[in-house]
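I have my notebook open and a structure to look up, one item at a time. Come along and check each entry against the picture.

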Amino acid sequence: LNFQDERFEDPRLPASSYIWDITNSNKPLTELIPPSPLSCLRFNPKSTDSLVGGCYNGLITCFDLRKPNGLAGQCSPLDSSLVEK
């Protein structure tokens, strides 16, 4: 599946996203490395270490901030991902 906007197909586009502490803006708290750039990100208010992100290529990725780079190793399968047109 390809995203319909060709700008996001550029392999030089950074996929990393960062979590910042607004009281210390010199360096990020953590770096999230999804399989594709994130278009949205939500946290679980009951477990703030858990995040879910929607990627530009249609994948849904789960992050666990207690693990290095936050990647929980869980992504939706590419064949069942949704890309709106």
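**Entry 1**

I began with Tyr18, which I found in strand β1, residues 17–19. A reminder to myself: this is a predicted model.

Is Tyr18 buried, exposed or partly exposed? Its relative accessibility is 42%, so I put Tyr18 down as partly exposed.

Next I looked for what Tyr18 touches. Setting aside neighbours within four places in sequence, I noted contacts with Pro28, Thr30 and Glu31. I also checked Leu32: Tyr18 and Leu32 are 14 residues apart in sequence, yet their C-alpha atoms are 5.9 Å apart in space.

Then I turned to rings. How many aromatic pairs does the structure hold? I counted one aromatic pair. The pair is Tyr18 with Trp20: the ring centres are 6.3 Å apart and the planes stand at 55 degrees, so I call the pair tilted. An angle over 60 degrees would have made it edge-to-face. I looked up Trp20 too, and with a relative accessible area of 44% Trp20 is partly exposed.

**Entry 1: The whole chain**

Time to step back. Which secondary structure does the chain have? I found six strands and zero helices, so reading along the sequence gives me β-β-β-β-β-β.

For the surface, I wrote down about 6,300 Å² of accessible area, with 52% of that belonging to carbon and sulfur atoms. The chain has 85 residues, and buried ones make up 24% of them. I also looked at contacts between residues at least 6 apart in sequence: 23% of these join residues at least 24 apart.

I went on to Ser36, which sits in the loop between β2 (30–32) and β3 (38–44). Is Ser36 buried or exposed? Its relative accessible area is 8%, so Ser36 is buried, the cut-off being under 20%. Leaving out residues up to four places away in sequence, Ser36 touches Ala15, Cys55, Tyr56 and Asn57.

At 7% relative accessibility, I count Cys55 as buried. What does Cys55 touch, apart from residues up to four places away in sequence? I listed Pro34, Pro35, Ser36, Pro37, Leu38, Ser39 and Thr61.

Cys55 is also part of the largest nonpolar core, six residues in all, together with Leu32, Leu38, Leu51, Leu59 and Phe63.

**Entry 2: Strands β4 and β5**

My last stop was a pair of strands. β4 covers residues 47–55 and β5 covers residues 60–64; they run antiparallel and five bridges join them. Which residue of β5 does Ser50 stand opposite? I traced Ser50 across to Asp64.

The hairpin of β4 and β5 has four residues between the strands, and there I noted Gly58 with a positive phi near 100 degrees.

Methods:
Residues are numbered from 1 along each chain as its sequence is written. This is a predicted model: local features need pLDDT of at least 70, side-chain atom pairs count only at pLDDT 80 or more; totals for chains, interfaces and linings use all residues. Side-chain values use heavy atoms; hydrogens and water are left out. Helices (H or I, at least four residues) and strands (E, at least two) are DSSP runs, numbered from the N terminus. Buried means under 20% relative accessible area, exposed over 50%, partly exposed in between (1.4 Å probe, protein chains only). Contact means heavy atoms within 4.5 Å. Accessible areas come from the Shrake-Rupley method with a 1.4 Å probe; for residues, only the protein chains shown count as cover. A nonpolar core is a set of buried Ala, Val, Leu, Ile, Met, Phe, Trp, Tyr and Cys residues joined through side-chain atoms within 4.5 Å. Rings of Phe, Tyr and Trp (its six-membered ring) pair if their centres lie within 6.5 Å; planes under 30 degrees apart count as stacked, over 60 as edge-to-face and the rest as tilted. Two strands pair if DSSP finds at least two bridges between them.
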